[in-house]
Amino acid sequence: MALLTDQEILDIITIEPNRGYRLLMTQYQEQLYWHIRNIVTWHEDADDVVQNTFIKIFRNLDRFKGDSKLLTWMYRIATNESISFLRSKKRKQTDSLDGDYSISEQLKADQYFDGNSAQLILTEAMNRLPEKQKAVFSMRYYEEIPYAEMSKIMDTSVGALKASYHHAVKKIEEYIKNERRD
Amino acid sequence: MREEIKKEIEELSPLIAEIGNKRGFKVPDGYFDELSSKMTSKTVDFDSNGLPSGYFDKMQEEVLVKMHREEAATTKIISLRKIISVAAIFIGIGFVGILVFLQLNDSMNVNDNSLAFNDIDNASLVEYLDEQNALDYSEMVDDELLDFVNSNPYFEENIDDELIDIIDEIDLDDLDLM
């Protein structure tokens with residue numbers, strides 16, 4: 001299916017909202033899903049967050065001013081939803097049994113993960129970062145998003161993002177070195 | 001991996017660069033085909049007035065839920081003391097950074113009175129920053145620093161690669177910023 005421009009999608013939504021929403025989803029769902037998955041890690045969580053993200057997108061499309069690309073605007077919503085989800089999950093997990101099993105052990109048992117041991121330890125290290133920093137690292141390292149674009153998504157200066165990314169890399173490297181030593 | 005990203009990570013951490021940026025994540029078969037259908041059932045259908053079906057029936061419930069949520073929400077207050085303390089630590093780091101820079105540029109003229117940065121261990125650095133009345137480090141998390149740096153015009157102008165390098169020289173674990 002040929003990609004529609006932002007304006008074409010918005011025009012369709014104005015005339016036929018349901019058809020427009022389906023087209024929007026079909027065009028962008030994979031990109032948004034993987035963006036979210038890279039931050040929240042688990043497929044089940046990404047599934048929840050991507051659906052909540054699209055609901056929020058649909059409800060707020062009238063607020064989209066067109067001063068950025070539609071995808072950038074949607075990425076911002078997806079990132080905020082992912083961060084909020086992680087924070088909420090952390091608060092709920094204090095009494096949960098999941099906290100007793102390391103991320104590595106959970107990932108090894110997860111049917112939607114088939115990475116190697118190095119990818120496993122990198123994911124575990126990344127999951128120890130604060131939520132926003134995790135999002136920054138994910139966007140830069142896994143999605144290869146330029147800082148200028150990331151700045152629009154996170155409404156954060158390029159300098160602050162660079163500092164956050166550099167610091168995240170140092171922390172992850174330290175964690176991996178310690179794990180390999182043990 | 002794009003050349004710019006690859007070069008950046010190789011400079012920062014060859015260890016991580018070696019792992020690469022594939023995740024090893026999978027999705028269930030047909031997931032994306034079904035996602036659209038799942039969302040279609042959640043998508044709002046519009047009635048002949050252009051309002052969502054059952055809008056007024058749902059409105060009362062939604063308003064009550066929202067009210068309860070807003071009452072339960074707590075506002076995070078960043079105390080003035082914390083803002084001043086975060087500013088103090090960055091000023092402290094900047095001051096030390098300037099000393100490093102001066103020392104590196106004046107390495108031929110070391111004398112008994114000059115500051116040999118390599119002689120300063122991390123514990124002393126922490127003590128120095130403590131004396132500058134910096135904050136309780138255990139309260140600081142990177143996201144708050146990120147927000148503070150982002151909202152302060154000083155850092156907008158001054159966070160550059162050189163300052164990042166200076167910050168990287170300091171063992172942040174000793175400052176208990178984790």
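# Why we call it that: a chat about chains A and B

Modeller: Let's start at A:Ala46: leaving out residues up to four places away in sequence, A:Ala46 touches A:Tyr33, A:Ile36, A:Arg37 and A:Val40.

Colleague: What makes something a contact here?

Modeller: Contact means heavy atoms within 4.5 Å. One caution about what we're looking at: this is a predicted model, where local features need pLDDT of at least 70 and side-chain atom pairs count only at pLDDT 80 or more, while totals for chains, interfaces and linings use all residues. Residues are numbered from 1 along each chain as its sequence is written, chains are lettered from A and ligands numbered from 1 in the order in which they are written, and side-chain values use heavy atoms, with hydrogens and water left out.

Colleague: Okay, what makes A:Ala46 count as buried?

Modeller: Its relative accessibility is 0%. Buried means under 20% relative accessible area, with exposed over 50% and partly exposed in between (1.4 Å probe, protein chains only). At 0%, A:Ala46 therefore counts as buried.

Colleague: Where does A:Ala46 lie?

Modeller: In helix 3 of chain A. Helices are DSSP runs (H or I, at least four residues), strands are E runs of at least two, and both are numbered from the N terminus.

Colleague: How are helix 1 and helix 2 of chain A oriented to each other, and why?

Modeller: Helix 1 (residues 6–15) and helix 2 (residues 17–40) pack at about 150°, with axes 5 Å apart. Axes are lines fitted to C-alpha atoms, for helices over the stretch in contact, and angles run from 0 to 180 degrees between N-to-C directions. Under 35 degrees is roughly parallel, over 145 roughly antiparallel, 65 to 115 roughly perpendicular and the rest oblique, so these two helices of chain A are roughly antiparallel. Among the residues making the contact are A:Ile9 and A:Ile13 of helix 1, plus A:Leu24 and A:Tyr28 of helix 2.

Colleague: What makes a set of residues a nonpolar core?

Modeller: They must be buried Ala, Val, Leu, Ile, Met, Phe, Trp, Tyr or Cys, joined through side-chain atoms within 4.5 Å. The largest one has 62 residues, and A:Ile57 and A:Phe137 touch the most other members. Apart from it lies another core, of five residues, including A:Trp42 and A:Phe113.

Colleague: Which secondary structure elements does chain A have?

Modeller: Nine helices and zero strands. Chain B likewise comes to nine helices and zero strands.

Colleague: What share of chain A counts as buried?

Modeller: Of its 182 residues, 56%. For chain B, with 178 residues, the buried share is 31%.
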